[in-house]
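Subject: Structure handover

Hello,

Here is the structure we talked about. Please open it beside this email and follow along.

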Amino acid sequence: AALFPDSEVSVVDGAGKRQEMSIGEYSVWWERRGEVSAPLYLKDWHLPCHHPEYGAYALPAHVADDWLNEHWSATSGGDGGGDSGGDHRFVYVGPAGSRTALHADVFFSFSWSANVCGSKRWWLLPASERRLVSDAATQPLARDIRTLPAAAGLAVVVEQGPGELLFVPSGWYHQVENTADCISVNHNWLNACNARWALIRLREVLAAVRCGLGEDAEDQELCMGLLRARCGLDLWEWAELLAGVARRRLPRDGTRAGDGDR
């Protein structure tokens with residue numbers, strides 16, 4: 001609150017209703033939260049993007065090869081500053097009892113979540129079993145996996161403590177509950193190891209879009225617009241992301257990386 005009192009953030013109540021407030025307003029609610037029953041969960045705060053000068057943290061090397069956020073930084077004309085509209089680097093602040101409903105991450109990306117303080121309980125379902133919790137359009141069938149007995153019996157339950165970083169593989173549906181007042185940092189990310197999962201999700205959502213359009217299913221502009229609205233990217237933009245990765249990584253003199261003087 002002292003550093004970023006006017007920074008606008010989204011908070012979500014126990015029913016999933018979202019509202020906007022400033023960090024200063026949220027800190028006032030936090031101090032008085034014993035007076036109300038429903039916890040407010042501060043989610044998806046783009047701290048690294050909106051305050052790059054702060055330098056809140058450095059990426060661990062094993063999660064630094066991040067095509068997704070590299071793309072948004074490149075297309076916004078900066079190194080993470082500005083408001084690209086596609087940044088997937090977040091800070092979360094939530095009291096004990098606040099939670100995130102069952103979901104799979106954007107583009108079936110990897111994600112990592114590091115607890116600055118506090119603790120979380122995770123329920124994670126392997127990607128091989130995702131049809132137990134999602135429809136053909138990849139939408140979850142319930143908010144809580146525990147209401148889906150076949151899936152709940154296969155879920156991996158993880159207790160994450162302060163200072164611990166949890167890695168979530170692509171295609172794993174999961175839900176999270178803060179078991180103590182918690183501040184965490186989360187990134188969604190893609191690289192060569194899981195890029196195919198983004199195409200899987202785009203194709204599955206596109207198939208569902210076309211199925212619902214009937215005679216209009218051949219209207220490519222309409223289909224791509226609906227795909228973009230649901231996923232944040234369409235297939236053309238996905239191709240642009242991959243092309244940008246290639247341009248930034250491949251040598252420009254016609255030699256292969258690592259060839260040297262051979």
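What covers the buried residues of H7? The cover includes helix H3 (67-75) and helix H5 (195-213). Before going further, here is how to read the notes. The model is predicted, so local features need pLDDT of at least 70, side-chain atom pairs count only at pLDDT 80 or more, and totals for chains, interfaces and linings use all residues. Residues are numbered from 1 along each chain as its sequence is written, and side-chain values use heavy atoms, with hydrogens and water left out.

Some terms come next. Helices (H or I, at least four residues) and strands (E, at least two) are DSSP runs, numbered from the N terminus. Buried means under 20% relative accessible area, exposed means over 50%, and partly exposed is in between (1.4 Å probe, protein chains only). Contact means heavy atoms within 4.5 Å.

Helix H7

H7 runs over residues 235-249 and has 15 residues. From its first C-alpha to its last it reaches 21 Å. That is close to the expected 21 Å (1.5 Å times one less than the number of residues). Trp238, Leu241, Gly244 and Val245 are buried in H7. They sit on the same side of H7, because they cover an arc of only 120° around the axis (the arc of the directions from the helix axis to the C-beta atoms). The face turned away from that buried side carries the exposed residues Trp236, Glu240 and Arg247. At the start of H7, a side-chain oxygen of Asp234 comes within 3.0 Å of the backbone nitrogen of Trp236.

Helix H6

H6 covers residues 220-231, twelve in number. Its reach from first C-alpha to last is 16 Å, close to the 16 Å expected. Its buried residues are Cys223, Met224, Leu227 and Cys231. They lie on the same side of H6, because their arc around the axis is only 95°. Exposed Glu221 and Ala229 are on the face turned away from the buried side. What do the buried residues of H6 pack against? They pack against H5 and H7. At the start of H6, a side-chain oxygen of Asp219 reaches to within 3.3 Å of the backbone nitrogen of Glu221. Just after H6, Gly232 takes a positive phi of about 95°.

Helix H1

Helix H1 (residues 23-31) has the buried residues Ile23, Gly24, Tyr26 and Trp29.

The loop between S5 and S6

Look at Phe107 in the loop between S5 and strand S6 (110-117). Is Phe107 buried or exposed? It counts as buried, because its relative accessible area is 3%. Not counting residues up to four places away in sequence, Phe107 touches Leu68, His88, Trp197, Ala198, Arg201, Cys231, Gly232 and Leu233. Phe107 and Leu3 are 104 residues apart in sequence, and their C-alpha atoms are 33 Å apart in space.

Phe108 is in the loop between S5 and S6 too. It is buried, at 0% relative accessibility. Its phi is positive, about 55°, although Phe108 is not a glycine. Most residues other than glycine have a negative phi. Thr138 also has a positive phi, near 70°. Thr138 lies in the loop between strand S7 (120-125) and helix H4 (149-152). It is buried, with a relative accessible area of 1%.

Asn191 lies in the loop between strand S11 (182-189) and H5. At 6% relative accessibility, it counts as buried. Leaving aside neighbours within four places in sequence, Asn191 is in contact with Asp65, Trp67 and Phe110.

Glu164 is in the loop between strand S8 (156-160) and strand S9 (165-168). At 39% relative accessibility, Glu164 counts as partly exposed. Leaving aside neighbours within four places in sequence, Glu164 is in contact with Ser113, Ala114, Asn115 and Glu159.

Best wishes

How values were computed: A polar contact is a pair of N or O atoms within 3.5 Å; within protein, one must be able to donate a hydrogen and the other to accept it, and residues adjacent in sequence count only if both atoms are side-chain atoms.
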